[in-house]
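Please open the model in your viewer and keep the selection panel at hand.

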Protein chains: 4
Amino acid sequence: MIIVTRKGVTQDQLDHIRERVEALGLRTHVSSGEHRTIIGCLGDEGILQNIPLLSLPGVETVHEVLKPYKLASKDFAADPTRVQLGAVEIGGADVVVIAGPCSVEGRDMLGATARRVKQAGARALRGGAFKPRTSPYSFRGMGEDGLKLLAEVRAETGLPVVTEVMDTREVDLVAAYADVLQIGARNMQNYALLMEVGRLRRPVLLKRGMAATVKDLLLAAEYVMSQGNTNVILCERGIRTFETATRNTFDLAAIPVLKRETHLPVVADPSHAGGRRDLVAPLAFAAVAAGADGLMIEVHPDPETATSDGDQSLDFAEFDSLMEQLGLFAHAAGRGLAGAEVAAG
Amino acid sequence: MIIVTRKGVTQDQLDHIRERVEALGLRTHVSSGEHRTIIGCLGDEGILQNIPLLSLPGVETVHEVLKPYKLASKDFAADPTRVQLGAVEIGGADVVVIAGPCSVEGRDMLGATARRVKQAGARALRGGAFKPRTSPYSFRGMGEDGLKLLAEVRAETGLPVVTEVMDTREVDLVAAYADVLQIGARNMQNYALLMEVGRLRRPVLLKRGMAATVKDLLLAAEYVMSQGNTNVILCERGIRTFETATRNTFDLAAIPVLKRETHLPVVADPSHAGGRRDLVAPLAFAAVAAGADGLMIEVHPDPETATSDGDQSLDFAEFDSLMEQLGLFAHAAGRGLAGAEVAAG
Amino acid sequence: MIIVTRKGVTQDQLDHIRERVEALGLRTHVSSGEHRTIIGCLGDEGILQNIPLLSLPGVETVHEVLKPYKLASKDFAADPTRVQLGAVEIGGADVVVIAGPCSVEGRDMLGATARRVKQAGARALRGGAFKPRTSPYSFRGMGEDGLKLLAEVRAETGLPVVTEVMDTREVDLVAAYADVLQIGARNMQNYALLMEVGRLRRPVLLKRGMAATVKDLLLAAEYVMSQGNTNVILCERGIRTFETATRNTFDLAAIPVLKRETHLPVVADPSHAGGRRDLVAPLAFAAVAAGADGLMIEVHPDPETATSDGDQSLDFAEFDSLMEQLGLFAHAAGRGLAGAEVAAG
Amino acid sequence: MIIVTRKGVTQDQLDHIRERVEALGLRTHVSSGEHRTIIGCLGDEGILQNIPLLSLPGVETVHEVLKPYKLASKDFAADPTRVQLGAVEIGGADVVVIAGPCSVEGRDMLGATARRVKQAGARALRGGAFKPRTSPYSFRGMGEDGLKLLAEVRAETGLPVVTEVMDTREVDLVAAYADVLQIGARNMQNYALLMEVGRLRRPVLLKRGMAATVKDLLLAAEYVMSQGNTNVILCERGIRTFETATRNTFDLAAIPVLKRETHLPVVADPSHAGGRRDLVAPLAFAAVAAGADGLMIEVHPDPETATSDGDQSLDFAEFDSLMEQLGLFAHAAGRGLAGAEVAAG
């Protein structure tokens with residue numbers, strides 16, 4: 001932490017600031033310039049986060065030197081973390097595609113979707129049983145019945161299941177069925193929930209909140225990891241900005257920034273980012289071009305009858321066509337497409 | 001809902017769109033212009049929210065006509081809702097100030113703060129026992145021990161208690177002690193939590209999320225109200241924008257916009273909005289000038305030792321001085337300041 | 001400037017960084033912590049702004065210590081700058097109201113508006129002769145004919161004239177008629193224009209750009225001042241955010257932040273910030289409560305026939321009523337309302 | 001335009017609204033629902049843009065049906081516009097790369113850069129002679145001397161020149177040297193400048209403003225086109241959001257959205273979007289994957305000595321390596337890389 005003092009700071013104020021910092025076990029280092037005095041604080045910066053440095057008389061600004069996350073940082077683990085997802089790994093050499101309907105609506109549609117996306121090269125199945133909806137009057141999912149259908153379809157197809165959990169009281173229930181526990185964007189800073197999924201060892205797919213910086217996302221991951229669960233997959237899905245031409249603004253640059261900052265795998269969700277069917281393919285290609293380890297894509301047998309997110313769901317033919325071209329982009333990025341051989345076979 | 005079709009839409013596409021809408025029990029009304037055809041959908045618009053209209057062939061854009069919230073809307077209740085808070089009402093003629101420390105840190109500091117803010121004219125006590133913190137390594141509150149201290153200090157001072165609940169599993173626990181259940185900005189779209197506090201009849205203070213529009217905030221209130229609890233107080237506390245000079249961007253205009261859209265009372269939190277001590281007073285005055293029904297302000301006996309939010313907490317003298325001037329602004333706004341007579345007495 | 005180096009920075013890299021900085025005449029001060037090495041750069045920080053410090057090997061982040069603006073800073077002039085506007089001063093004890101139509105549409109409407117706003121207490125007349133419009137197909141103003149009408153009405157009423165200039169080629173023309181040259185939000189970073197109005201000594205009213213931080217606004221003022229013209233009035237008029245309930249998001253906190261950072265006077269434009277008639281009064285009151293030195297308000301004899309911004313223009317009765325209540329808020333803020341005596345007289 | 005009236009609108013208000021609209025030569029079409037009455041306005045919507053519909057009594061909201069831009073719209077020209085850039089076309093089958101230093105700093109560095117980027121496959125040279133800088137104390141370019149150097153290097157290498165113009169008074173001067181006139185992000189809504197470059201027939205590269213929506217960008221293009229110059233290239237270069245990990249937030253989805261809305265070519269500027277060297281390649285690859293027609297990339301012989309934007313400039317080896325991989329992404333996108341054969345030859 002670096003403390004910059006106000007013009008005209010007094011010696012008493014400087015002494016007081018140093019005392020407060022040194023009382024916490026850190027060392028201080030003072031540089032006096034013509035205009036400002038700077039106090040460098042050396043040692044465990046985390047301790048200082050609980051001190052309201054700006055409220056000390058004479059302090060003008062405070063600059064963080066160290067990242068506030070540790071376990072999520074590249075300093076902690078230089079090698080990429082690979083999260084096991086059934087037979088494949090996310091974070092390894094190959095790009096992994098997770099596909100399926102926004103909501104589980106029934107056995108037939110789920111089975112048909114799973115078979116088709118598997119055939120096209122997807123290696124995991126997504127599908128919501130508990131759905132966060134902006135309006136309380138919208139369909140909120142099938143609940144446990146939906147989880148059971150996901151498990152049945154996994155048994156049939158072999159595809160591991162990614163599904164959302166929204167309530168601390170339901171974590172064990174969802175974990176009884178799911179291979180990956182998804183934390184939605186709206187719950188990215190629901191710390192009780194983060195700690196609860198951190199208790200388990202089941203992989204967690206953590207979606208970036210609509211107002212979350214990259215740093216906030218990594219701190220949310222840190223919450224999960226601080227409980228012992230290091231199987232965290234980060235997901236860029238768009239942030240909220242003034243632009244209304246798309247549902248969210250896909251922050252593509254977050255992908256390489258995350259790859260530089262953390263050892264955790266990074267996937268992208270082009271369906272939610274764009275919010276329109278015709279944007280899914282270009283955003284998916286771009287994400288892979290920028291270094292994403294995987295994609296999460298909404299697919300529905302008949303999007304116009306979908307109970308949620310039909311506007312952004314691909315139909316089977318559209319998904320087939322996306323997957324075909326996606327292999328070329330993965331190749332250009334120096335990677336394979338996990339499951340591509342299945343598609344070819 | 002109004003559906004605008006693409007240039008060159010076919011008669012078959014138009015028929016298909018109308019059939020889909022009419023099958024849900026709505027009537028349609030078609031206007032054909034030179035460039036576009038418009039289909040007005042008359043009836044219960046809520047039903048259409050589950051239909052992916054944009055995915056129907058030939059559809060270009062869809063415009064909502066009705067507000068997606070009902071119970072929170074002025075159409076539902078023309079008169080302002082007044083929420084009882086101990087001896088005073090929020091949403092009535094007088095401006096109500098809620099004050100206290102960010103976190104409950106101990107019996108002495110809490111008691112001293114409560115006595116002093118009461119004397120200065122505050123009519124309710126705030127204080128966090130469960131704290132949402134961006135980093136898992138920050139102080140996260142005293143938990144139930146903090147709740148007990150809040151109840152003790154209420155018994156002593158008569159000030160009703162406003163405190164945050166973060167976990168569905170803790171709603172009953174917090175409700176056993178608190179007069180008002182606060183939902184923090186990070187949980188504004190934690191729908192499980194909203195529904196859980198909606199089950200009770202205890203007043204809920206709902207803080208606006210950092211990426212939430214006014215409409216989103218009203219839909220979050222609708223979640224609570226749809227469970228039967230209509231005692232909802234809305235709180236503007238700043239949104240996230242590109243500006244870094246303040247912790248958040250205080251969206252002052254949201255106050256009059258909310259007063260126009262809803263019958264629910266609206267308070268402001270100038271402490272979190274500005275994030276710096278010196279901004280609390282100007283933001284508080286402005287909020288009252290713009291029509292806020294109340295304020296929520298962080299006060300600490302010794303801000304520089306606060307375990308959280310010390311940078312933005314007022315000390316006692318600063319709070320006294322704020323309250324003194326606040327009466328003038330309330331008066332200019334044609335209102336009284338609840339408790340001002342106490343302060344004067 | 002403080003340079004933080006990467007973990008594992010080499011001695012050669014450290015030496016190279018120091019050499020680069022010292023070659024520019026600054027001194028360096030190195031503090032080595034356990035995790036990072038920090039290089040404080042002491043001396044004229046402005047010189048370093050032209051050096052791509054982030055591109056030097058081993059550099060992780062760079063923190064500015066000094067504000068990049070000088071003439072606009074409180075360090076430069078501790079006393080508030082007062083800008084003369086006809087018979088009144090902006091930046092002094094009294095709150096000053098500038099009012100008038102968005103666009104000059106003709107002699108009659110302009111004269112009628114000027115007489116009425118003067119009677120209600122406004123002390124300057126606004127009115128656009130050159131209008132920046134988002135669409136090339138919208139009305140773009142009367143040009144020089146509009147300027148002539150403004151001058152005529154000034155002669156009649158004594159109200160000084162505030163009007164926008166949009167083109168470097170028209171600065172002398174507009175200055176021949178206007179008392180204050182307004183730079184619109186869209187031109188806040190039109191540096192050629194800023195320098196051109198900086199050449200003159202005519203007061204400049206500089207509106208904040210829609211994506212401009214407070215720092216950017218002060219740097220834009222610095223452009224004008226660096227040419228010798230220190231008569232700059234800053235204007236908060238809303239920034240662009242995700243919120244669509246208002247035309248822009250009125251960043252109220254920018255007012256006290258600016259009052260802390262600069263000696264220049266600060267006014268607010270509640271008409272553009274809210275974009276709707278019913279929001280003008282609450283935003284105006286709030287701005288004064290937060291410390292604004294003045295207000296700029298759109299008034300039109302018959303808003304529904306206005307050629308621009310009719311949605312946000314007050315009619316005469318609305319403006320009268322706003323001015324009446326405004327005096328109370330100015331008083332609560334410890335100030336007078338310039339011209340209030342005229343209104344009373 | 002669709003007008004939605006308030007609950008309880010009176011027949012007189014409805015009649016008045018219809019009269020106002022019909023007086024302008026449009027037809028109206030009224031649909032009365034249970035909750036709201038909707039008035040569809042059929043005919044030339046542009047006329048209504050000058051009418052403050054929201055200010056008419058009884059009006060609640062107004063929805064645009066038609067796009068406010070015409071010449072820039074796909075309705076106007078179904079086939080993609082191809083803009084000639086020396087020997088190549090932007091907007092055709094091949095992806096075109098424009099590269100060069102941020103600022104022209106001298107003959108040697110410019111010549112060396114031009115030769116090298118040409119060899120690596122770039123087909124046009126960028127370089128600023130007039131530089132918009134946030135601070136008035138930063139280097140602002142060599143002016144006409146810089147233009148002369150650009151022309152000399154074009155004569156030597158055959159690379160057409162893209163350079164910025166910032167002042168209406170300098171348009172003819174810049175056009176005397178440049179092949180493409182660049183309008184910077186800060187001047188995207190400098191309407192006087194847009195109209196001035198619209199007078200010429202020289203291609204214009206129009207960068208998106210930091211707070212500009214896609215619609216705003218297209219309206220800015222419309223300004224240029226409305227003067228007769230249809231040779232407009234649009235450039236996505238990042239928008240301003242709350243994220244501070246990158247200089248701007250690269251709005252990748254704007255690329256496919258623009259390709260859907262307009263016939264004009266679209267390029268991306270990954271250097272400004274990311275603001276850091278290590279982000280240039282992933283953003284460039286992503287832009288091409290998403291459908292960009294070209295890229296504009298900053299390259300400098302020795303970035304750490306650059307007078308501007310050194311942090312985000314590639315050195316020669318980095319640019320070579322980017323170009324090599326870029327061909328694979330262009331191929332994956334079904335396109336070639338203009339000049340690739342030169343590089344190979």
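Two residues count as in contact if their C-beta atoms, placed from the backbone, lie within 7 Å. The model is predicted: local features need pLDDT of at least 70, side-chain atom pairs count only at pLDDT 80 or more, and totals for chains, interfaces and linings use all residues. Residues are numbered from 1 along each chain as its sequence is written, while chains are lettered from A and ligands numbered from 1 in the order in which they are written.

Select chain A. Among its contacts between residues at least 6 apart in sequence, 66% join residues at least 24 apart. The C-alpha trace of chain A spans about 75 × 45 × 40 Å along its principal axes. Chain A has 12 helices and 15 strands (DSSP runs numbered from the N terminus: helices are H or I, at least four residues; strands are E, at least two). Of the 345 residues in chain A, 62% are buried (20 or more other C-beta atoms within 10 Å of the residue's own, all placed from the backbone).

Next, display chains C and D. A rotation of 180° with 0.0 Å of shift along its axis superposes chain C on chain D, with an RMSD of 0.0 Å (least squares on the C-alpha atoms of residues with pLDDT of at least 70 in both). The two copies are thus related as by a two-fold rotation axis. The same surface serves both, as 100% of the contact residues of chain C recur in chain D. Centre on C:Ala211, whose C-alpha comes closest to the axis among the residues of chain C, at 2.6 Å.

Finally, select helix α8 of chain C, residues 254-261, where seven of the eight residues are buried. Among them are C:Ile255, C:Val257 and C:Leu258. Their cover includes α10 (277-289) of chain B, as well as α7 (214-226) and β12 (232-236) of chain C.

Terms used: A residue is buried if 20 or more other C-beta atoms lie within 10 Å of its own, exposed if 12 or fewer, and partly exposed in between; C-beta atoms are placed from the backbone.
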